[in-house]
Amino acid sequence: MNETVIRAADLRKVYRGRAAVDELNLNIGKGQIYGFLGPNGAGKTTTIRMLLGLIKPTSGSIDIFGQELQKHKLPILRRIGSLVESPSYYGHLSAVDNLEAIRRILDVPKSRIAEVLDIVSLTGEEKRPVKGFSLGMKQRLGIAAALLGSPELLILDEPTNGLDPSGIQEIRSLIKRLPSEQGITVLVSSHLLSEIEQMADTVGIINQGRMLYEDTIAHLQAQAAGDLRLSVSEPEAALVLAEAAAGGRVALREGRLILPRINDARVAILIRELVERGHDIYRVEERRQSLEEFFLQIVEGGAS
Ligand SMILES: Nc1ncnc2c1ncn2[C@@H]1O[C@H](COP(=O)(O)OP(=O)(O)OP(=O)(O)O)[C@@H](O)[C@H]1O
Ligand SMILES: [Mg+2]
């Protein structure tokens with residue numbers, strides 16, 4: 001990983017004797033879209049609120065941009081944009097007027113309003129009262145507000161919650177563009193694996209306050225188990241060869257050989273041997289455990 005943007009170590013938050021976040025370690029590199037994934041009540045919002053300095057950790061440390069959050073709170077927070085829960089806005093005011101109110105507080109140039117409206121594709125709607133906006137448009141306005149201060153880090157807590165599929169799609173494509181087009185690192189939380197899989201490049205899986213898994217999406221996909229299924233003319237005779245190739249553990253089910261996933265070289269050797277011994281090979285299939293199954297296995301299995 002290149003430059004670290006967020007590093008949280010042994011982070012803990014206890015409410016009334018119960019740990020909402022427990023010895024959590026989290027690492028986010030510059031330019032990443034980090035998907036913070038966990039079921040309801042896992043501790044995502046609590047973690048995010050600690051990262052934004054909104055609540056104080058019971059123990060543990062948070063470094064952002066290489067500095068301790070507790071000691072350099074204001075300069076650090078000035079470089080972060082965030083949307084936690086639904087955005088607040090004045091319904092009777094237009095998008096521009098809502099953004100103008102925030103712009104004054106942040107003291108950024110007026111021209112920035114048109115820029116952020118363009119980034120979130122609200123140009124053309126900016127004069128309408130926000131109370132007439134769809135949920136997706138309101139959410140995009142919230143992201144526009146978070147982008148006003150030209151943050152280097154954007155933290156979004158469940159930004160697609162409650163949106164319909166097209167609204168989800170809009171937010172997702174918006175988030176995916178941010179690192180390359182705006183140079184922004186993104187932390188986005190969700191309770192849906194499919195969401196995270198489609199927008200993030202790195203994933204942290206949290207459950208019951210603990211980080212169970214943190215790696216790239218590509219690694220997660222590779223780790224999801226699966227098997228290799230072979231349909232051959234004489235399965236019983238082929239079983240011995242398949243067991244040699246797989247190092248044991250081959251099942252014979254409905255006339256098909258079921259092998260654990262083995263590497264390409266071993267598959268090639270096995271197929272060559274089968275062909276050389278006169279077997280006809282009808283089908284070679286790989287079945288991947290779905291990520292959803294793998295996710296449930298991680299969450300239900302506790303620590304990995
Ligand atoms: N202020 C609080 N006081 C007491 N308990 C709290 C408080 N905030 C959160 N909790 C508890 O901490 C745990 C984690 O909650 P949190 O809101 O962080 O989860 P989450 O992952 O964001 O869930 P969701 O997907 O529902 O938003 C829950 O058991 C919750 O009840
Ligand atoms: Mg939450």
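**Exercise 1.** In this predicted model, determine how the axes of α5 and helix α6 (residues 165-182) lie relative to each other, and state which hand their crossing has.

*Solution.* Begin with the axes: those of α5 and α6 come within 10 Å and cross at roughly 20°. Angles under 35 degrees count as roughly parallel, and therefore α5 and α6 are to be described as roughly parallel to each other. As for the hand, the crossing of α5 and α6 is right-handed.

**Exercise 2.** Identify which residues of α5 meet which residues of α6, and sort this contact by class.

*Solution.* On the α5 side stand Gly136, Gln139, Arg140, Ile143 and Leu147, and these meet Glu170, Ile171, Leu174 and Leu178 in α6. Sorted by class, the contact of α5 with α6 has five nonpolar, two polar and two charged residues.

**Exercise 3.** Work out the strand order of the open sheet of six strands, and explain why one side of β6 and of β10 is left without a neighbour in the sheet.

*Solution.* The order is β6-β7-β8-β3-β9-β10, and the pairing is mixed. Because β6 (80-83) and β10 (210-216) stand at the edges and each has a single partner strand, one side of each lacks a neighbour in the sheet. Neighbouring strands of this sheet are turned by 15° against each other on average, with direction ignored.

**Exercise 4.** Describe the pairing of β3 with β9 and find which helix packs on the sheet there, touching β3, β9 and β10.

*Solution.* Strands β3 (residues 33-37) and β9 (residues 202-207) run parallel and are joined by four bridges, with Gly35 standing opposite Val203 in β9. The helix that touches β3, β9 and β10 is α11 (residues 291-301), whose direction makes about 40° with that of β9.

Definitions and conventions:
Residues are numbered from 1 along each chain as its sequence is written. Chains are lettered from A and ligands numbered from 1 in the order in which they are written. This is a predicted model: local features need pLDDT of at least 70, side-chain atom pairs count only at pLDDT 80 or more; totals for chains, interfaces and linings use all residues. Side-chain values use heavy atoms; hydrogens and water are left out. Two strands pair if DSSP finds at least two bridges between them. Helices (H or I, at least four residues) and strands (E, at least two) are DSSP runs, numbered from the N terminus. Axes are lines fitted to C-alpha atoms, for helices over the stretch in contact, and angles run from 0 to 180 degrees between N-to-C directions. Contact means heavy atoms within 4.5 Å. Angles under 35 degrees count as roughly parallel, over 145 as roughly antiparallel, 65 to 115 as roughly perpendicular and the rest as oblique. A crossing is left-handed if the near helix is turned anticlockwise from the far one by less than a right angle, and right-handed if clockwise. Ala, Val, Leu, Ile, Met, Phe, Trp, Tyr, Cys and Pro count as nonpolar, Asp, Glu, Lys and Arg as charged, and the others, Gly among them, as polar.
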